Amino acid sequence: MTAAAGARRTPGAERAARTPGALWPYLLIAPTVLGTAYLLLYPLVRNLVISFQTYGMGELIRGGAPFAGLANYREILDDTVFWEVVRRTFWWTAVNVVLIMVLATLVALMLQHLGRRTRLLVMSGLVLAWASPVIATTTVFQWLFSSRLGVVNWLLVRLGFESYENYSWFANGSSTFVILVLLVVWQSVPFAAITLHAALLTVPAELYESARLDGAGAARIFRSVTLPMLRPLFALVLCLEVIWVFRCFAQIWAISKGGPGDATTTLPVYAYRVAQSLHRYDLGAAVSTLTVLLLVAVLVVHLRQMFRQEGEL
Amino acid sequence: MNRTSASPVTHARIRRLPLHAAALLVFVLSVFPVYWMVLTAFKPTQDIQSQTPLFLPTSVTLDHFTKAVQADGFWLFWRNSLAVTASCVLLALIVALGAAFAVARLRWKGRRGFILMVFIAQVAPWEALLIPMYVIARDTDMLDKLSMLTLIYFMITLPFTIVTLRGFLTAIPVELEEAAQVDGCTRAAAFRRITLPLLAPGLLATSLFGFITAWNEFAFANMLIIKNQDDRTLPVWLSSFSNVFGTDWGATMAASTLFALPVLVLFLVLQGRVASGMTSGAVKG
């Protein structure tokens with residue numbers, strides 16, 4: 001029974017199975033499996049091991065790190081700074097993801113109602129933002145928000161907010177945080193919007209047609225037709241964005257290195273700072289392990305979504 | 001548009017005004033930072049320093065580009081980035097093609113498990129693996145080596161490449177290959193002559209994605225290349241622009257433009273294919 005089901009899923013598969021050389025598939029996937037084992041699984045395990053050892057500068061050079069049991073985890077979990085970082089990471093993720101999803105949905109709906117030419121124009125703009133390399137954009141945002149000659153300060157002063165004359169955004173914790181949010185949202189909305197727009201296109205026009213004939217208004221159509229059709233992909237994009245924003249490192253490091261002070265230190269940045277500046281690789285590894293555990297919770301939801309979408313597995 | 005044709009034309013125009021205003025706003029917001037980058041790169045320094053920003057080009061200069069290109073090591077880092085990116089993309093394509101073929105065309109024990117592994121690898125928390133990677137690189141004498149970066153980038157891009165190629169492969173009817181086999185081709189020849197050419201857009205789209213990921217990667221390059229500064233890649237160099245150019249925004253923007261250029265060109269040229277590749281990879285395999 002399973003064989004028949006399998007054959008229905010991939011037409012060529014059953015015939016292939018009968019041919020000799022059953023080793024072929026395994027040879028074909030061997031490099032992938034080896035790569036994953038050495039470059040993904042091994043680092044994960046190594047990270048776990050280091051987090052249970054005493055691993056500082058000396059152990060890095062000489063080797064032979066002694067096991068320390070749960071000492072690193074105890075040290076981390078007793079540290080109020082760590083809990084502050086965890087809280088900040090959740091806050092960071094929530095703010096970014098909510099903004100990204102709301103804006104992306106609005107943009108996707110807007111795209112759907114635009115004429116062909118305008119839509120193409122807006123889409124090209126979105127693709128341009130999407131394609132811009134992270135570090136290039138990061139540099140540009142530093143220029144846009146530069147205290148002297150920055151175009152944002154100029155605009156704010158022109159709009160009547162005199163206090164922004166030569167305002168230095170990067171000297172203050174919360175304004176640096178705001179800039180990072182703006183940067184990440186600007187970079188992430190295009191992907192989410194374009195994907196959601198593609199999903200909207202798959203909603204059959206007849207559904208809208210018949211809903212309209214039944215006398216449904218725009219709001220009702222959105223709730224009863226668009227939303228249910230959009231839900232699976234919406235969940236997928238949501239999960240991806242949560243994962244991406246949660247792990248975000250490059251933007252934060254390039255703009256503020258987690259500062260000023262601790263103001264923009266999220267978990268990945270914190271792990272890096274602990275490991276690199278204090279040479280406490282053990283503590284950094286413990287933080288990384290905790291980060292992975294937090295992410296796994298999200299990942300499980302995401303993978304279930306993914307599998308539901310991939311009905312033909 | 002169906003809807004508006006039902007109501008009177010002028011009424012529709014007015015109703016669509018907020019819509020078009022929103023469209024304009026979205027367009028301006030998404031384009032402006034890129035536009036400002038390019039504009040600043042071409043502006044003479046005195047225009048950059050004018051108290052009221054100039055939003056349109058009045059006079060154009062290439063001074064900033066000259067300065068960026070002549071900065072210490074620019075070409076070296078550019079070459080490093082290109083070498084790492086190209087080799088990781090090539091490696092990922094070859095390895096992924098084999099795996100995607102096995103998944104899409106063959107049936108074997110453990111196939112489900114393998115797909116699950118690829119999906120999990122696709123969302124691997126790379127940023128949390130900086131420390132073990134550093135330790136491993138140090139233990140195996142791979143610190144400060146571009147080959148280590150290449151291997152890591154290969155692994156970062158591989159899962160997506162497999163998933164996307166598999167999507168493209170399933171879309172190509174297996175009957176085409178079988179027909180060629182009936183006509184006397186071997187299975188390998190049938191794949192090479194029939195399927196591979198049809199797969200070209202898929203290969204293009206996936207390698208483009210790999211290119212962008214590797215070209216942009218910052219965290220590992222920043223962590224693993226420390227002592228040997230000659231082996232740095234462009235993103236790390238650019239992130240420390242203030243050490244290089246100080247507050248010379250013209251030169252900084254010129255360097256950013258040169259860094260972004262390859263990606264933007266590739267992306268805009270292949271826009272349609274990429275979008276379809278993205279959705280076929282991410283959504284319905």
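Figure 1. Just after H7(B), Asp141(B) takes a positive phi of about 60°. The model shown here and in the other views is predicted. Asp141(B) is not a glycine, and its place is in the loop between helix H7 (130–139) and helix H8 (146–171) of chain B. Because Asp141(B) has 9 other C-beta atoms within 10 Å, and a residue with 12 or fewer counts as exposed, Asp141(B) is exposed.

**Figure 2. Asp144(B) in the loop between H7 and H8 of chain B.** Asp144(B) has a positive phi of about 65° and is not a glycine. Inside 10 Å, Asp144(B) has 18 C-beta neighbours, so this residue counts as partly exposed. The loop that holds Asp144(B) also holds Asp141(B), which is exposed.

**Figure 3. Burial of helix H7(B).** Of the ten residues of H7(B), eight are buried, so this helix is largely enclosed by the rest of the structure. Just after H7(B) comes Asp141(B), with its positive phi of about 60°; Asp141(B) is exposed.

**Figure 4. Crossing of helices H9(B) and H10(B).** The axes of helix H9 (residues 174–182) of chain B and helix H10 (residues 187–216) of chain B cross at roughly 125° and come within 9 Å. The angle makes H9(B) oblique to H10(B). The crossing of these two helices is right-handed. On the H9(B) side, Leu176(B), Glu177(B), Ala180(B) and Gln181(B) take part in the contact. They meet Arg187(B), Ala190(B), Phe191(B), Arg193(B), Ile194(B) and Thr195(B) in H10(B). Sorted by class, the contact of H9(B) with H10(B) has five nonpolar, two polar and three charged residues.

**Figure 5. Crossing of helices H6(A) and H12(A).** Helix H6 (residues 80–113) of chain A and helix H12 (residues 218–247) of chain A have axes that come within 9 Å and cross at roughly 140°. H6(A) and H12(A) are therefore oblique to each other. Their crossing is right-handed. H6(A) contributes Thr89(A), Thr93(A), Asn96(A), Val97(A), Ile100(A) and Met101(A) to the contact. From H12(A) come Leu238(A), Glu241(A), Val242(A), Val245(A) and Phe246(A). The contact of H6(A) with H12(A) has seven nonpolar, three polar and one charged residues.

**Figure 6. Surroundings of Ser51(A).** The place of Ser51(A) is in helix H3 (residues 24–51) of chain A. Ser51(A) has 25 other C-beta atoms within 10 Å; a residue with 20 or more counts as buried, so Ser51(A) is buried. Leaving aside neighbours within four places in sequence, the contacts of Ser51(A) are Asn72(A), Asp282(A), Ala285(A), Ala286(A) and Thr289(A). Val274(A) is 223 residues from Ser51(A) along the chain, and the C-alpha atoms of the two are separated by 13 Å.

**Figure 7. The two domains of chain B.** Chain B is divided into domain 1 (2–61) and domain 2 (73–282). The C-alpha centres of domain 1 and domain 2 of chain B lie 34 Å apart. Seven residues from domain 1 and six residues from domain 2 make the contact. On the side of domain 1 of chain B that touches domain 2 of chain B, H2 and helix H3 (45–48) of chain B each supply at least two residues. The largest share of that side, four residues, comes from H2(B). By class, the side of domain 1 of chain B that touches domain 2 of chain B has four nonpolar, two polar and one charged residues.

**Figure 8. Contact between chain B and chain A.** Chain B gives 76 residues to the contact and chain A gives 81 residues. Helix H2 (residues 9–42) of chain B supplies 13 residues, the largest share of the side of chain B that touches chain A. The side of chain B that touches chain A has 58 nonpolar, twelve polar and six charged residues. H2(B) also supplies the largest share of the side of domain 1 of chain B that touches domain 2 of chain B.

Notes: Residues are numbered from 1 along each chain as its sequence is written. Chains are lettered from A and ligands numbered from 1 in the order in which they are written. This is a predicted model: local features need pLDDT of at least 70, side-chain atom pairs count only at pLDDT 80 or more; totals for chains, interfaces and linings use all residues. Axes are lines fitted to C-alpha atoms, for helices over the stretch in contact, and angles run from 0 to 180 degrees between N-to-C directions. Angles under 35 degrees count as roughly parallel, over 145 as roughly antiparallel, 65 to 115 as roughly perpendicular and the rest as oblique. A crossing is left-handed if the near helix is turned anticlockwise from the far one by less than a right angle, and right-handed if clockwise. Two residues are in contact if their C-beta atoms, placed from the backbone, lie within 7 Å. Ala, Val, Leu, Ile, Met, Phe, Trp, Tyr, Cys and Pro count as nonpolar, Asp, Glu, Lys and Arg as charged, and the others, Gly among them, as polar. Domain bounds come from an automatic or database domain assignment.
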